[in-house]
Amino acid sequence: MSRIQKRFAQLKADKRAGLVTYITAGDPDTDISYQILKGLPAAGADLIELGMPFTDPMADGPSIQLAGQRALKAGMTVDKTFDMVRRFRKETGDNGTPILLMGYFNLIYQRGPERFCKEAAAAGVDGFILVDLPPEEADELKPFATASGLDTVLLTAPTTDDVRLPAVLKYASGFVYFVSVLGITGTKSATEDAVRTHVERIKRHTTLPVGVGFGIRTPEQAAAVARHADAAVVGTAIIDHVKAGLDDKGKAKPELVPGVFAYIKALADGVRGVRKA
Amino acid sequence: MPSAPNSFRTGPDERGHFGIFGGRYVAETLMPLILDLEKAYNEAKADPQFQGELKYLLSQYAGRPSPLYYAKRLTEKLGGAKIYLKRDELNHTGSHKINNVLGQVLLAKRMGKTRVIAETGAGQHGVATATACALFDIPCVVFMGSVDVERQAPNVARMKMLGAEVRPVTAGASTLKDAMNDALRDWVATCENTFYCIGTVAGPHPYPAMVRDFQCVIGEEVRKQIMEAEGRLPDTLVACIGGGSNAMGLFHPFLDDPGVRIVGVEAAGRGLDTEEHAASLTGGRPGVLHGNRTYLLQDGDGQITEAHSISAGLDYPGIGPEHSWLKEMGRVEYVSATDDEAVEAFQLLCKLEGIIPALESSHGLAHVMRLAPTLPKDNLLVLNLSGRGDKDVPQMAERLGMKI
């Protein structure tokens, strides 16, 4: 079983949904970003998405665009992203919390999918969520990910109908990520009804856990998603808390890291307050 | 180099690939919409009524065919090849962009879309889209880098007069690449009612093939016109390349004529030895951006680097995927011209032929100035004069130190 499978099995045994937290690697700088990464599990994250900053994040709203720019400006690279994960596994001894790399395919393509997968797995990465690699192009990555024991979490959207879903699910492993709104990250939020309907629809096609993201900002929204899905994914709202902890020169204020953890704890309380059958 | 195919004109394959280039690297949200678009386009392409309507608009509204003009004074001055100018700058709205836009907006109507978005660099595609949307009474939003809004002010005013909303984009270097990012972001949120009218032979499949098909009218006319004028096919074709739509439109109908030498001219900005250029085929390598795999300017990790060109329309770090393939197959030569060379060419054409060319097209002309003198007098050379320079008048006046 992969780390992601084990984590979802544990969540099921605990009769609750999980909280997936997104941060951009290297935002606002490598040091602060690592401090946040290291403390995420204790703050209540069940799975971690580590965003690989990219110059042209076409599916991201302003918050994550700016986070990527801060990280790149501070010198973030693919190698340093792997280093963060390696350090996390070594220093925290946390061998249970899955870490997924999230981002855009070009960074993987440039290194070569085979080499990238090997290096990622060796660093302690568990899988990928790639915004611009739909099933039509996923053959470029899937065999190498599988060979390195990495899960590929594919995205489904409200526009992914029942006819198309099987094609997406064919490439999905670990869990399925349902993008709950039409749009970029951090803009709109879905209604609880819409989340329920879509999660039920996806579950008719797969036994994989379903994570739901886009537009979750409050513990109440996270709880509403947790009532229907196997995990709630929060990204932009966390990034906004990182940004709120920067002074006007872009340097981290002392309250940045504790502020992010306090917010994640509130989200986790929201998610954990929902008892599942 | 891969072995030459029987034909260079059969691409892309059913998955939108030209060799390793092209494809559909887009968010899942858009994927079903792109499949719909492909289906709708294939149906429209085979529908005589659609083709008839497009043909009517191209002739009665856009003014096609554009003339193939023998540039006698330019030919004499350069002292080599016999130079013809394909006068696509005479089209309604002032460039070749209208050829593609009329096709796409007709398709948008046919698909029942109620809103059109576009990205623009120099503003030529934006103006063409705003024009077609006025004609068809469809709301239109054009994304344009804020730097380009500044340097192409006349086109911004034109778009607004035509009823379009212009959204300045301030991310990144605030040029064409960033405009395309924001257009894609808008589209993800609005795809159910919105048609994204891409201005060049790039983006996810079917755009590169669809835009090419709409632009091929340029090369098809040239074939006919040169036969009438000279009784034979041309020897040399030259066109400037940003994304590469005017070049593809001229080149594609001649790809299977081995006697025709084909040259694309990228923007070398301040020089290929600097980091300030936009020559992705010369200075880049294959990567994935904006829905397709193609040559891109990028760093070792794959972060996209900023392009630079004096011409807003060429200021893009990528290129259409079919051009990348034609480069690898060796069928088309790709060269470049600097900002300074383009400015010199701009001035030459103004004074010799009484034609003010767009700065984009001036890059093609700059290469003709190098190439033509090396060719024999019976070499028939066709340069695609893809746009007129009215939009560049304020910028050039300032550069040349004129008070206006």
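I take domain bounds from an automatic or database domain assignment. I also note what a pocket is: on a 1 Å grid over the protein atoms alone, an open set of points with protein on both sides within 12 Å along at least five of seven lines. A cavity is a set of points where a 1.4 Å probe fits but cannot get out, and lining residues have an atom within 4 Å of a point.

**Ground rules.** This is a predicted model, where local features need pLDDT of at least 70, side-chain atom pairs count only at pLDDT 80 or more, and totals for chains, interfaces and linings use all residues. Residues are numbered from 1 along each chain as its sequence is written, chains are lettered from A and ligands numbered from 1 in the order written, and side-chain values use heavy atoms, with hydrogens and water left out.

**Largest pocket.** I looked up its volume and got about 570 Å³. A volume here is the space filled by probe spheres set on the points, and grid points are joined across faces, edges and corners. The pocket has 19 lining residues, and Lys55(B), Leu58(B), Cys216(B), Val217(B) and Glu220(B) are the closest to its centre. Domain 1 (17-58 + 96-211) and domain 2 (64-94 + 216-399) of chain B both give residues to this lining, so the largest pocket lies between them. Four helices of chain B, H1 (31-45), H2 (48-61), H9 (207-215) and H10 (217-230), each supply at least two lining residues. I use DSSP runs for helices (H or I, at least four residues) and strands (E, at least two), numbered from the N terminus. By class I find seven nonpolar, four polar and eight charged residues. Nonpolar covers Ala, Val, Leu, Ile, Met, Phe, Trp, Tyr, Cys and Pro; charged covers Asp, Glu, Lys and Arg; the others, Gly among them, are polar.

**Largest cavity.** I counted eight cavities of 30 Å³ or more in the structure. The largest cavity has a volume of about 350 Å³. It is lined by 30 residues, and His96(B), Lys97(B), Gly313(B), Leu314(B) and Glu360(B) lie nearest its centre. Its lining has 18 polar, eight nonpolar and four charged residues. Where does the largest cavity lie? Domain 1 and domain 2 of chain B both give residues to its lining, so the cavity lies between them.

**Second largest cavity.** I turned to chain A next. This cavity has a volume of about 290 Å³. Of its 28 lining residues, Tyr22(A), Asp60(A), Ile64(A), Met102(A) and Thr185(A) lie nearest the centre. The lining divides into 15 nonpolar, 10 polar and three charged residues.

**Contact of the chains.** About 3000 Å² is buried between chain A and chain B, 49% of it on carbon and sulfur atoms. Buried area is the accessible area (1.4 Å probe) that two parts lose on being put together, summed over both. I found four salt bridges between the chains, each a side-chain nitrogen of Lys or Arg within 4 Å of a carboxyl oxygen of Asp or Glu. Arg164(A) and Glu28(B) form a salt bridge at 2.8 Å, N to O.

**Backbone notes.** Asp27(A) and Pro28(A) are joined by a cis peptide bond, with omega about 0°. Pro28(A) sits in the loop between E1 and helix H2 (30-43) of chain A. Another cis peptide bond joins His205(B) and Pro206(B), with omega about 15°. Pro206(B) is in the loop between strand E8 (194-196) and H9 of chain B. Lys15(A) has a positive phi of about 55°, although it is not a glycine.
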